[in-house]
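User: I would like to learn how to read aromatic contacts in a model. Could we go through them step by step?

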Amino acid sequence: MADETQEAGGIHFPFPFTPYAIQKDFMAALYQVLEAGKIGIFESPTGTGKSLSLICGALSWLRDFEQKKRQEEERLLEAGAPTSSDGLAPALGLPSSCRGSPGTPEATGEPDWITQFVQKKEERDLVDRLKEEQVRRKKREERLQQIRHNAKLRFAAKRMRQEDEETERLLRLSSEMLAAGTEPEPVASGEEELVLAEYESDEEKGVPSGVDVDEDDLDEDHVMKIYYCSRTHSQLAQFVHEVQKSPFGQDTRLVSLGSRQNLCVNGDVRKLGSVQLINDRCVEMQRSKHERKSITEEEEPTRRRQRQEPRATCPFYSHERLQLLRDEVLAGVKDVEQLVALGKEARACPYYGGRFAIPAAQLVVLPYQMLLHAPTRQAAGIRLQGQVVVIDEAHNLIDTITNIHSMEVRGSQLCQAHSQLLQYTERYGKRLKAKNLMYIKQLLYLLEKFVAVLGGNIKQNPNTQTLSQAGTELKTINDFLFQSEIDNINLFKVRRYCEKSKISRKLLGFTERYGAVLVPSMEQPKLSGFQDFLQSLQPGATAAPATPAEAEEDRSPRPASPLMHVEGFLEALTTANQDGRVILSRQGSLSQSSLKFLLLNPAVHFTQVVKECRAVIIAGGTMQPVSDFREQLLVGAGVEAERVVEFSCGHVIPPDHILPLIICSGPSNQMLDFTYQKRGLPQMMDETGRILCNLCNVVPGGVVCFFPSYEYQQQVCAHWEKSGLLARLTIRKRIFQEPRKANRVEQVLLEYSRCIKHCGQARGTETGALLLSVVGGKMSEGINFSDDLGRCVVMVGMPYPNIMSPELQEKMAYLDQTLPRAPGQARPGKALGENLCMKAVNQSIGRAIRHQKDFASIVLLDQRYASPAIQAKLPAWIRDRVEVKATFGPAFAALRKFHREKAGLS
C-alpha cells in the first residue's frame with residue numbers, strides 16, 4: 001500500500017498505511033515530548049504497532065527539527081548576525097552572550113565598547129561555523145547520493161580490498177624468505193609480550209586521566225540524532241526492518257551498533273570467544289598499529305634486535321576502507337547482519353565503520369549495554385549531549401541497569417587468580433620494575449583477604465575446602481573493607497593499574513603458554529617442571545579426563561582470565577558507596593562460595609543519561625506499575641515531576657474480544673489462596689487441576705498456564721499424575737511443559753504449534769494443547785501466542801519474589817529509608833515486591849492478544865487479585881474489562897459463552 005501522510009495535532013506524520021486512532025495519539029504525544037525536551041513514559045500494548053509509531057513519530061519530529069534549524073541558519077547567514085534571542089539559537093551553538101539583550105556595563109562590569117566587541121566577534125565566529133557546517137553537510141549529502149546511485153563507487157572498496165590482498169601476499173612471501181635465513185631466537189624473547197611494561201600512574205606523568213583511545217574518528221560534529229535501544233539483537237534487527245519498510249526507509253541515515261563480539265570479521269580474533277578477550281585483543285591490535293606508525297628509522301634496528309616478530313595489526317582496520325564503509329552504512333538502512341556482510345565484502349571492520357558513522361547518523365540503533373554503561377558508551381564514541389534517547393522494551397529497565405552494574409566473583413576464581421599471579425611473579429619478578437611489583441603484591445594481598453573473609457585459605461584447593469560457616473551475609477562497602485582488612489589499600493589506584501597495565505591480559509597469555517588454564521589438545525601432553533607445577537595448582541587438576549564431547553564443549557569459547565572477574569568486582573566497589581552492598585555467600589565449599597556486589601540505586605547510573613539528553617522516551621508494551629520508574633529511576637536521577645509525561649493507550653482489539661476473569665474459588669468451592677504456605681496443599685493442587693479440566697473442555701486450540709516457579713510446576717504435575725488428573729487433562733489437550741534448558745524451547749514450541757494445527761484439522765476428541773509454563777521463564781517474554789496458539793492464558797497464583805532473599809530484603813530496606821511514604825500507601829519496600837510480582841504477571845498475560853482480530857480469555861486464579869490495589873496495577877486495557885467471580889460456576893458460564901461466540905471468528 002502506498003505511503004500516506006496522516007495529520008494529528010496539526011503535525012504531518014508519514015505512515016505506510018492508515019494508522020489506528022491510538023497510533024495517531026501516540027505519535028502526537030511523542031512529538032510533543034520531544035519538542036518540549038521532556039521525559040516520556042509510553043505504554044502501547046503489543047499488537048498495536050508500537051515500533052512503527054515510534055519510528056514515524058520520532059523521525060517526523062527530527063525532520064521538522066532539521067528543517068527549522070536550516071531555516072534559522074539561512075536567516076542568520078543572510079543577516080550576518082543573530083536575529084532572535086530564542087528559538088533554535090541554542091541548538092545552533094549560539095553563545096550565551098548572543099542570546100538576549102546585550103549586557104550593560106552595570107551587569108557585566110565591562111565598558112560598552114568591550115561588550116559590543118566581544119559580541120560582534122562571537123557573532124562572526126558563529127556565522128563562520130555555520131558556513132563550515134553547511135559545506136560539510138553538502139559534501140556528505142553529495143557523497144551519499146553518489147554511493148546510492150553510482151555502481152562504480154559502490155565497488156571501490158572491493159577494488160581496494162583486492163589490491164590490499166595482493167600487497168599482503170607479497171609481504172608474506174618476503175617475510176618467509178627473510179625468515180628462512182635467520183637463526184631461531186632464544187625462547188625468552190618470545191615471552192616479551194607477557195612481561196609488564198614499566199608503569200607510571202597518571203598523577204606521576206602529569207596528564208589527566210582518560211580512556212586511551214584514538215579520537216581522530218570523533219572529530220566530526222555530531223548532528224541531532226535519536227538513539228534507539230532495546231534488550232536483544234533480534235529486537236533491534238526487527239526494529240531496523242520496520243524502519244526499512246517505513247516511509248523514512250530510503251532517506252534516513254541509520255547506524256546499527258553492536259559489540260565487537262557481534263561485529264568482528266577477523267577470524268583469528270573471533271575465535272577467542274570471550275567478549276573481554278576479543279575487546280582486549282582488538283584494542284591491542286589498534287595500539288600496535290599506532291605504535292608502529294610512530295617508530296622512527298633510528299629505532300627500527302634496535303627493535304629488530306629486541307624482538308623478531310612484531311605484534312600483529314588488524315588487516316580490517318584501514319582508514320581509507322573504513323571511510324568507504326562508513327559512507328556505505330549511511331547510504332542505506334542496514335541491520336547488524338547486513339553490516340557484517342558488508343564489512344567482509346569491503347574487508348573493513350564493521351565495528352569501527354559503524355563507530356565512524358555515528359556523528360553524521362540521524363538514527364543510531366544499539367543494545368541496552370552500550371547506552372546504559374558509561375565506559376562502554378564512551379568507548380563506542382556515543383555522545384548524548386542534547387540528543388534524544390528512546391529505550392524500548394523498558395519494562396525491565398531498572399533490573400537491567402542493576403544487573404549491568406552488579407558483579408560476582410567465585411571463590412574458585414579468587415584462588416585461580418592468586419596462584420596464576422604468584423607463578424607469574426616468580427617467573428618474571430626479576431624483570432619487573434618496582435612499581436609493577438608493588439601493585440602485584442597489593443593484588444595478591446587483596447585476593448588473599450577476599451578468600452579469608454569467605455572463611456577459606458588461599459593456599460589450599462578451593463574444591464576440597466569445607467567452610468565452617470555457611471549462609472549469606474550482607475555488608476555495606478565500608479564494613480566489607482574493614483572486615484576484609486583492606487581499608488588501608490587505595491582500590492582506585494589498584495583498579496587504574498589493572499586497567500592501564502592490562503595485567504589480566506598478560507596473565508592469560510602466560511597461563512595459556514604454560515598450559516596452566518587450558519590444554520587445547522584432547523591428548524594431554526606430559527607436563528614437566530614448571531608446567532607440571534602450575535597445572536597442579538589448578539582446581540580440579542586431578543579430576544577424571546573429560547570425554548571427547550565434553551572436551552569439545554569446554555574448548556569453545558575460551559574463558560576469560562579469572563583476574564578479569566576480580567577486576568570487575570574492584571570496579572563495582574569503586575563506583576558506588578552508600579548505594580552498594582557486598583553479599584558474602586558461603587555455600588559449603590570455597591569454590592562454590594562467592595562475593596557479589598549489589599547495586600541498590602540504579603538512578604546513579606541513569607542520571608547522566610537524563611541530564612545530558614534533550615529528551616528521553618521510556619517505552620514498552622506493559623509499563624504498569626509506572627510508579628517504579630518515577631520513584632526509583634527518575635526522582636533519584638534528579639528529574640523534576642513536571643518534566644515527566646505519561647502516555648498509555650488502549651488496545652486495537654474490540655472490547656468483546658477479550659475476557660479477563662479473576663476467579664476466587666474452584667469447582668468444589670475451595671478458596672483459591674496460592675500463598676507460599678498454602679499452595680503445596682493437596683486440595684489446592686487438586687482444585688487447580690479441576691479448573692484446568694473444565695477450561696480445556698470449552699476452550700479451543702491452545703491453553704497456556706503459568707506457574708510461579710519451575711519447582712511448583714513440577715510438584716503440581718507429579719501430584720496430578722498420582723491423582724489421575726493428568727490423564728483426565730490429556731483426553732482434551734496434549735500436555736507440554738516448558739523446558740529448563742533454553743536450547744529446547746524452540747523445539748517444544750514447534751511441537752506445541754504442530755499439535756494445535758493438527759487438532760484443528762482433525763476435529764477429534766483432542767481439541768488442542770495445554771502448555772505449562774513458568775512466570776519469568778523462557779516463554780513469559782518475547783514469545784507470541786497469537787490466534788489458536790493462546791486462546792486462554794491462565795495465571796496460577798501471584799508470582800511474588802522470594803521475600804527471604806537477602807538482596808530483596810536489603811533493597812526493600814533501602815527504599816524504605818530513601819523514598820517518602822505517601823499517606824494511605826504501603827511502604828515503598830513492600831510496594832516493590834508487589835510491583836515486581838505484577839510486572840511479571842502483566843508480561844505473561846500479554847502473550848495472548850497480538851493483533852486487531854485476535855481474541856482470548858485471561859484467567860487469574862487467586863483471590864488476592866480481587867483487591868482493588870492489585871487490579872490498579874494491571875494494564876489499562878485489561879483492567880477496564882476485568883470481571884471478578886467469587887465462585888466458579890458463573891466464571892465457567894462466562895468462559896463457555898465467550899468461546900462459543902468467538903468460535904465462528906477463528
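User: Is Phe-569 buried or exposed?

Analyst: This is a predicted model, in which local features need pLDDT of at least 70 and side-chain atom pairs count only at pLDDT 80 or more, while totals for chains, interfaces and linings use all residues. Residues are numbered from 1 along each chain as its sequence is written, and side-chain values use heavy atoms, with hydrogens and water left out. Buried means under 20% relative accessible area, exposed over 50% and partly exposed in between, with a 1.4 Å probe and protein chains only. Phe-569 has a relative accessible area of 0%, so Phe-569 is buried.

User: How many aromatic pairs does a search of the whole structure find?

Analyst: A pair of aromatic rings is described by the distance of the centres and the angle of the planes. Rings of Phe, Tyr and Trp (its six-membered ring) pair if their centres lie within 6.5 Å, and planes under 30 degrees apart count as stacked, over 60 as edge-to-face and the rest as tilted. The search of the whole structure finds 21 aromatic pairs. Among them, Tyr-424 and Tyr-428 are edge-to-face, at 5.0 Å centre to centre with 65° between the planes. Tyr-424 counts as buried because its relative accessibility is 1%, and Tyr-428 counts as buried because its value is 2%.

User: Why is the pair of Phe-450 and Phe-569 classed as it is?

Analyst: The ring centres of Phe-450 and Phe-569 are 5.6 Å apart and their planes stand at 85°, so the pair is edge-to-face. Phe-450, at 0% relative accessibility, likewise counts as buried.

User: Which residues do ring pairs link into a cluster?

Analyst: Ring pairs link Phe-26, Phe-42 and Phe-647 into a cluster.
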